[in-house]
Amino acid sequence: MNAPEQQKLIGAGVKRKEDYRFLTGAGQYTDDVVMPQQSYGVFLRSPHAHAKIARIDMEAALNSPGVIGIFIGKDMAGENVGGLPCGWLIHSTDGSPMHEPPHPVIAHDKVLHVGDQVALVVAESVKEAKDALELIEVDYDELPATVDTASASDAGQPLVHDSVPNNVCYNWGHGDKAATDAAFAKAAHVTTLDIVNQRLVPNAIEPRAVNASYSKHDDSYTVYVANQNPHVERLLMAAFVLSLPESKLRVIAPDVGGGFGSKIFLYPEDVALTWASKKVGRPIKWVAERSEAFLSDAHGRDHVTKAELALDKDNKFIGMRVHTTANMGAYLSTFASSIPTVLYATLLAGQYTTPAIYAEVKAVFTNTVPVDAYRGAGRPEATYVVERLVETAARELNIDPVELRRRNFIREFPYATPVGLTYDIGDYDACLNRALELADVAGFAKRRDESKQKGKLRGIGYSCYIEACGLAPSNVAGALGARAGLFEAGEVRVHPTGSVTVFTGSHSHGQGHETTFAQVVADRLGIAIENVEIIHGDTGRIPFGMGTYGSRSISVGGSAIMKALDKVEAKAKKIAAHLLEASAEDIEFTNGVFRVKGTDRTKSFVDVSLAAYVPHNFPLETMEPGLNENAFYDPTNFTYPSGAYVCEVEVDQDTGETRIEKFTAVDDFGNVINPMIVEGQVHGGLGQGIGQAMLERCVYDDSTGQLLSGSFMDYAMPHASDLPNFTVETAKGTPCTHNPLGVKGCGEAGAIGSPPAVINAILDALAPLGVKDLQMPATPHRVWTAMHNAQRA
Amino acid sequence: MYSFDYQKADEAKAAVAVLSANGDAKFLAGGQSLLPTMRLRLAQPSALVDVTRIASMKNVTLDGDKLTIGGAVSHAAVASNADVQRALPGLADLAGRIGDRQVRERGTIGGSLANDDPAACYPSAVLALNATVVTDRRRIAADDFFIDMYTTALEPDELITAVEFPLAERAGYEKFRNPASHFALVGVFVAKFKDGVRVGVTGAASSVFRPAELEAALSKDFSVASARGVTISPNELNADMHASAEYRAHLIPVLAGRAIERAMSF
């Protein structure tokens with residue numbers, strides 16, 4: 001038997017297997033799941049940012065048509081339902097653990113932000129539930145609210161939690177303070193910036209949704225939920241909140257329409273519905289409305305930072321000092337504490353050899369929606385600090401920002417940064433040089449002159465980012481305060497006919513894993529991609545794994561699958577050896593064919609699979625039948641995707657309107673499995689990054705804590721018309737040195753790298769007018785105001 | 001959304017009769033503002049009377065120097081109507097840039113005017129063009145029609161059956177979009193008549209208004225430079241999270257200049 005054509009699925013732009021069902025309306029999202037005897041839940045939410053609940057009168061509501069039950073915080077407190085846990089413990093510089101105030105599933109004494117849950121109404125229909133909700137009378141004793149990030153810990157600010165002095169969750173320090181201060185003492189130049197990394201609302205296209213049911217039959221719960229990590233959701237809910245054995249709770253995250261981090265977390269609504277489903281003996285479904293999503297999905301970013309960069313006389317970076325106040329919102333969301341600390345300050349070296357870096361982060365509570373991971377999670381904030389500092393320094397010193405970067409690039413690997421990471425590999429010059437070429441930076445001066453003739457200002461800006469992905473080596477994460485492991489699990493189940501089902505702990509909510517992972521498996525086993533099925537998102541089917549966030553799926557989840565494939569191959573070789581009457585060491589496996597080396601004696605993958613399950617001719621005395629292997633993979637290091645972005649803008653002086661004329665992204669993701677999917681991921685990331693740079697801003701009224709940007713009428717999501725045609729290229733790249741596929745991850749890069757490139761470009765355009773700084777988002781109003789103020793000055 | 005009754009009217013009189021008898025009923029004239037408000041439970045009409053099927057309100061007629069657009073004519077129909085394009089291309093251009101494609105298919109001129117959103121496009125044209133709003137019972141001059149934010153001269157049960165536009169020598173509209181909603185952060189309609197220039201400004205204040213300084217300057221010299229030479233006071237203009245009053249004041253002459261460029265391009 002001849003070997004089939006060598007398949008080259010890895011590296012091919014295979015069309016997404018999942019798209020047929022999505023495009024034909026056959027996707028099954030949580031809201032598509034309708035259970036027998038389905039009931040519907042709606043949440044009464046606080047209209048106040050901070051108030052005592054004096055009285056709740058539910059009588060009229062309980063008598064409203066169709067009402068099945070109404071549950072308030074007191075009901076749950078009476079049954080020992082726990083509060084929501086935080087998954088990462090941060091210690092303050094004085095050694096004390098962070099403050100972890102109670103995070104009740106439903107508020108009982110006090111509401112702490114507009115949108116806080118006050119009651120769950122369960123009824124026969126959404127309409128009846130809403131009608132009843134309007135009949136609930138709540139007397140609130142309003143309290144003054146703390147809203148603003150920068151001043152949240154000032155003396156005299158209202159306390160969000162009585163148990164947390166000055167609203168400070170923790171004061172964390174990272175790096176060598178003495179060495180950094182010494183570097184600044186001898187600096188030839190210091191660049192200083194005040195940065196607001198504004199609060200964002202994630203806005204996945206599918207709002208959060210839950211459909212929870214309880215079965216009396218086996219005393220167990222099944223919860224469909226729009227979520228990125230069903231096993232984490234199950235562990236947190238079962239072990240920490242409801243005190244159930246994991247086996248009594250099945251969490252299914254079916255098709256999920258986007259997460260961007262916001263669906264990692266265990267949310268109070270998930271718990272409330274699960275708990276109440278037993279109370280009412282009916283499945284309960286809740287689907288957030290968009291306005292509810294604004295008030296209850298964990299928000300992102302919200303840092304106020306003072307950053308300084310010290311340079312010597314040769315323009316080498318010698319020190320960086322950063323002080324950040326990070327807003328946690330009203331409660332600690334699941335991974336909130338880790339975002340502005342271990343996922344932020346560890347990235348402050350960027351692509352540069354800065355030898356001394358010190359960061360202090362003060363996390364504060366405010367009467368606002370909790371803040372947690374959002375696409376990039378800490379790394380966009382770090383990249384923004386570094387890349388704005390670098391380009392501002394270049395402008396102040398009147399040297400080419402490209403040249404300044406080159407002078408400070410890390411070029412020897414592995415490289416241990418002063419902030420705790422060891423970069424395994426990279427080639428920053430290669431990405432930057434290619435980006436300069438693609439962006440035609442050489443022709444910029446001419447384009448700038450052409451713009452000038454039209455009365456417009458043109459600018460160019462750069463960003464050379466690095467990110468730490470592939471979260472994470474569990475022991476490292478543990479040492480940094482993680483209360484969970486960060487491995488991934490994979491199971492490869494070969495069926496008798498040689499088709500394969502793969503069970504992965506990674507979760508796809510738009511990433512295309514069903515295609516990418518199938519490419520890896522089909523390539524490795526030499527079988528058709530149609531014969532590989534990827535199963536994810538159901539704790540009743542998949543092994544215990546940690547899910548998808550931090551650009552970890554291919555590098556950690558894919559590696560677990562590769563390990564399981566190693567085991568499959570090893571056992572299959574033994575079976576083939578038996579069938580071919582040879583020794584296992586003499587069997588080679590290529591393109592789906594087992595061959596006795598140097599002979600034409602072969603068995604196909606199908607022959608071996610069949611023999612494994614119909615073991616008539618099988619070494620049963622030494623080997624179990626079957627071909628079904630699982631593996632856990634715990635990475636030995638993070639992966640370090642990097643890249644160079646170039647943004648070119650044109651500013652209309654009359655209005656401040658800024659158009660991105662060109663955006664060039666060159667990324668080093670190591671090896672790439674599916675370049676089409678990777679390009680799509682970069683496009684999406686750029687859309688969100690440019691959205692942050694130019695449009696998006698979550699705004700609270702500073703005194704009342706009311707959310708002013710509570711809908712798309714006031715919260716500016718990027719439209720297609722706001723974005724240019726991207727020039728995106730994946731560099732040939734430097735494969736990751738420590739995972740079997742040599743992959744690094746690509747999901748967050750665009751959102752991490754692009755904001756500073758945009759703002760640097762706008763500041764370059766405005767420099768002739770004397771504008772020196774600009775906060776995100778660079779709306780026309782802000783750009784015009786900056787020009788206007790500079791001209792007046 | 002609360003439950004409500006839905007009725008279709010075949011003629012204006014019947015539609016008005018329903019509202020006269022039922023104070024909680026409302027006309028449905030496309031529903032592009034009303035239905036989202038109802039979905040949020042911010043409005044609770046007991047009944048909606050759909051007036052978009054009333055044949056007499058769906059005509060566009062050009063008669064000498066008067067263009068009449070029926071109250072139930074959609075934005076898309078105005079934008080694509082050959083008579084509007086010929087007689088008042090600036091109005092067709094405005095209609096073709098309201099909201100998005102879906103909104104333009106459903107939304108109607110009567111609905112937009114009756115709702116009187118302070119950032120809607122149409123009011124600026126109706127005011128600048130000195131149009132007459134025709135209702136089931138009377139004729140209302142544009143200068144008397146717009147009272148304040150979401151408040152017009154209409155009685156609660158009064159139905160806009162048509163809008164009559166005198167033809168201008170030149171007319172054009174330009175708006176600066178709110179980055180979030182894409183409504184007009186500021187929109188300016190300029191209309192040049194034989195005896196002077198009228199300007200309607202939307203988005204900038206609590207209601208559409210005519211800036212006297214700009215009208216005076218453009219009546220003397222209908223040019224971009226003339227528009228740009230005018231300074232508008234920020235007093236009385238809106239300030240919100242999207243733009244300061246100063247920025248809106250700055251944009252008015254800028255957009256007036258661009259509206260003139262558009263008007264001259266037709």
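This is a predicted model: local features need pLDDT of at least 70, side-chain atom pairs count only at pLDDT 80 or more; totals for chains, interfaces and linings use all residues.
Me: Where along chain A does Ser46(A) lie?

Reply: Look for the loop between β1 (39-45) and β2 (51-57) of chain A; Ser46(A) is in there.

Me: Is Ser46(A) buried or exposed, and why?

Reply: You count the other C-beta atoms around a residue; 20 or more within 10 Å makes it buried. Ser46(A) has 23 of them within 10 Å, so it is buried. Across chain A, 57% of the 793 residues are buried.

Me: How far is Ser46(A) from Arg447(A)?

Reply: There are two ways to say it. In sequence they are 401 residues apart, and in space 53 Å, C-alpha to C-alpha.

Me: How do I read the overall form of chain A?

Reply: Start with its extent and its radius of gyration. The C-alpha trace spans about 90 × 75 × 50 Å along its principal axes. A compact globule of 793 residues would have a radius of gyration near 28 Å, and chain A has 28 Å, so the two agree. Chain A holds 19 helices and 28 strands. Of its contacts with a separation of 6 or more, 81% join residues 24 or more positions apart.

Me: Into which domains is chain A divided?

Reply: Domain 1 is 19-26 + 487-633, domain 2 is 33-143 + 205-258 + 263-296, and domain 3 is 375-470 + 639-792. Between domain 2 and domain 3 of chain A, the contact takes 8 residues from domain 2 and 6 residues from domain 3. The domain 2 side divides into 4 nonpolar, 3 polar and 1 charged. The centres of these two domains, taken over C-alpha atoms, are 38 Å apart.

Me: What about the largest nonpolar core?

Reply: That core has 331 residues, and those with the most contacts inside it include Val121(A) and Val51(B). Beyond its neighbours within four places in sequence, Val51(B) is in contact with residues including Ala9(B), Phe27(B), Met57(B) and Leu159(B).

Definitions and conventions:
Residues are numbered from 1 along each chain as its sequence is written. Chains are lettered from A and ligands numbered from 1 in the order in which they are written. A nonpolar core is a set of buried Ala, Val, Leu, Ile, Met, Phe, Trp, Tyr and Cys residues joined through C-beta atoms within 7 Å. A residue is buried if 20 or more other C-beta atoms lie within 10 Å of its own, exposed if 12 or fewer, and partly exposed in between; C-beta atoms are placed from the backbone. Two residues are in contact if their C-beta atoms, placed from the backbone, lie within 7 Å. Domain bounds come from an automatic or database domain assignment. Ala, Val, Leu, Ile, Met, Phe, Trp, Tyr, Cys and Pro count as nonpolar, Asp, Glu, Lys and Arg as charged, and the others, Gly among them, as polar. Helices (H or I, at least four residues) and strands (E, at least two) are DSSP runs, numbered from the N terminus. The radius of gyration is taken over C-alpha atoms; the globule rule is 2.2 Å times the number of residues to the power 0.38.
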